[in-house]
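The sequence and structure follow.

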Amino acid sequence: MAIPSSISDPFASKSLPLSSSSYNPSRISVPAQITAKIEQTHLTALRRSQCSSLKASMGSPGFTQQLNNSKLDTLAEVKDGRDDIFNDLKDRFLSFKKNVYMENPEQFESLAKVQTPKFMVIACVDSRVCPSNILGFQPGDAFTIRNVANLVPTFESGPSETNAALEFAVNTLLVENILVVGHSCCGGIRALMGMQDDGSTSFIKSWVIHGKNAKVKTKVFASNLDFDHQCTHCEKESINHSLVNLLSYPWIKEKVENEELSIHGGYYDFVNCSFEKWTLDYRGTKLEENGRIVTKNKVFWS
């Protein structure tokens, strides 16, 4: 797929290149080769089977061998399941190679030399929200970073994987669009909304606190809603606050002012399979804390 040098509508449809521990009485000898992980995974079933066998065969010379055979069978079943998972990945990769890579040699030869994506995408790590699947991005289309709750820290917050990716995308790859994609039923936003100021610490709490302004605004404007609906409100509010946080980076703000870069928000509702897209109106937005956030070019796809 050839990548155009400029685009009038970055969200216009594009043709895709796809052609198509265990119960262990002191009198029982447990084999050393059985790992703790396998025993923990099958703890409940193993306990029931061992307890039943123990009652029927206590003192029997064949009991230890019976237990050994049972545990080896369990190990073999888990190994087979693990192999099946990677065999599935193997099949998917080979299908990609045959139907995409081999069918588009010029595209992948070009990508081997350089990438020129038009989009920088910031999305959530949620396994249900893959931007390439949802929006049809192909290799070379979008430089992507994913984090819990698709948050953008402010420039003043210091280094993170997210702003390192932003710096490379904006200053080196010269992307023309930054798209922050939020989604329904976001666990990170739910954690933010339910977070108590009790002095406790965790990696998640230290990260989602970057969305505190969205939480404050939600508590003010959606106080009459129940907790679930407040979380839904905050999912969208946090996207807008991330768009404003993008403007705290001097090199992003400068490019937006010069109309060399546009920043957009997107919200994927995977319950109803719909997508909302909007663009930050830089001229109308007030950048001071809790200032007015103005958007434009809103569209709804369903």
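Two strands pair if DSSP finds at least two bridges between them. Helices (H or I, at least four residues) and strands (E, at least two) are DSSP runs, numbered from the N terminus. The model is predicted: local features need pLDDT of at least 70, side-chain atom pairs count only at pLDDT 80 or more, and totals for chains, interfaces and linings use all residues. Residues are numbered from 1 along each chain as its sequence is written, and side-chain values use heavy atoms, with hydrogens and water left out.

**Strand 1 and its partners**
- Strand 1 and strand 3 pair in the parallel sense over five bridges; methionine 120 has isoleucine 178 of strand 3 as its bridge partner.
- Strand 2 also runs parallel to strand 1, and six bridges join them; here arginine 146 of strand 2 is the bridge partner of alanine 123.
- Six of the six residues of strand 1 are buried (under 20% relative accessible area; exposed is over 50% and partly exposed in between, with a 1.4 Å probe and protein chains only), so the strand is largely enclosed by the rest of the structure.
- Phe119, Val121 and Ala123 point one way from strand 1, whereas Met120, Ile122 and Cys124 point the other way.

**Helix 6**
- In helix 6 (residues 161-171), the buried residues are Thr162, Asn163, Ala165, Leu166, Ala169 and Val170.
- Because these residues cover an arc of only 155° around the axis (taken from the directions from the helix axis to the C-beta atoms), they lie on the same side of helix 6.
- Their packing partners (contact means heavy atoms within 4.5 Å) include strand 1 (119-124), strand 2 (142-147) and strand 3 (177-183).
- Helix 8 (203-208), helix 10 (227-246) and helix 11 (250-257) are also among the elements against which the buried residues of helix 6 pack.

**Salt bridges**
- A salt bridge is a side-chain nitrogen of Lys or Arg within 4 Å of a carboxyl oxygen of Asp or Glu; by this rule the count comes to seven.
- Lysine 236 forms a salt bridge with glutamate 276, their closest N and O atoms being 2.9 Å apart. Lysine 236 lies in helix 10 and glutamate 276 in strand 5 (residues 274-280), so the pair ties together parts that are 40 residues apart in sequence.
- Lysine 236 is partly exposed at 30% relative accessible area, as is glutamate 276 at 21%.
- Arginine 128 and aspartate 126 meet in a salt bridge at 2.7 Å, N to O; arginine 128 is partly exposed at 44%, whereas aspartate 126 is buried at 14%.
- Lysine 255, buried at 18%, forms a salt bridge of 3.6 Å, N to O, with glutamate 260, which is partly exposed at 45%.
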